[in-house]
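Take a look at the chain below. Then read on for a short tour of its helices, its surface and its charged pairs.

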Amino acid sequence: MSPSLREFYRVLVWSLQALAQGIFPYTDHNNVAFSESYFPERYALRGLPLAGDFVGAWSEGRGDWKWIKEALRLEQHFGTDLCCHLCLS
């Protein structure tokens, strides 16, 4: 996987985790804490609710199975004889 794609996924995971927690994060995707000098606009929001009392969850990704298997680094996909595209069973 290319370094830029790896970085993209790190930011995506960080964003989805913040969405699931429902609060503005305290750190960036590299675990560097926001401060008055490092992203002061995010520092001011840290710990506050993103959307009131609501949280979110990622519900789907779109693409053909080849792309989904490669993009999400799945072990298997629905093009096999196995029951589950997430594991080897």
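Predicted model: local features only at pLDDT ≥ 70, side-chain atom pairs only at ≥ 80, totals over all residues.

Residues are numbered from 1 along each chain as its sequence is written, and side-chain values use heavy atoms, with hydrogens and water left out.

**Overall fold**

The protein chain has three helices and zero strands. Its pattern along the sequence is α-α-α. Helices (H or I, at least four residues) and strands (E, at least two) are DSSP runs, numbered from the N terminus. Of the 89 residues, 13% are buried. Buried means under 20% relative accessible area, exposed means over 50%, and partly exposed lies in between (1.4 Å probe, protein chains only). The chain exposes about 6900 Å², and carbon and sulfur atoms supply 59% of that area. Such areas come from the Shrake-Rupley method with a 1.4 Å probe; for residues, only the protein chains shown count as cover.

**Salt bridges**

Side chains of opposite charge can pair when their charged atoms come close. How many salt bridges does the structure hold? It holds three. A salt bridge here is a side-chain nitrogen of Lys or Arg within 4 Å of a carboxyl oxygen of Asp or Glu.

| Pair | N to O distance |
|---|---|
| Glu 7 and Arg 10 | 4.0 Å |
| Glu 60 and Arg 62 | 2.7 Å |
| Glu 70 and Lys 66 | 2.7 Å |

Glu 7 and Arg 10 are three residues apart in helix α1, so about one helical turn separates them. Glu 70 and Lys 66 both lie in helix α3 (residues 65-71), four residues apart, again about one turn. Glu 70 is partly exposed at 49%, whereas Lys 66 is exposed at 56%. Arg 62 is exposed too, at 68%, while Glu 60 is partly exposed at 45%.

**Nonpolar patch**

Leu 5, Phe 8 and Leu 12 make a nonpolar surface patch of about 250 Å². Patches are made of residues with over 30% relative accessible area and no salt bridge: like charges are joined within 9 Å, nonpolar side chains (Val, Leu, Ile, Met, Phe, Trp, Tyr) within 5 Å. Leu 5 sits in helix α1 (residues 3-21). Its relative accessible area is 36%, so Leu 5 is partly exposed.
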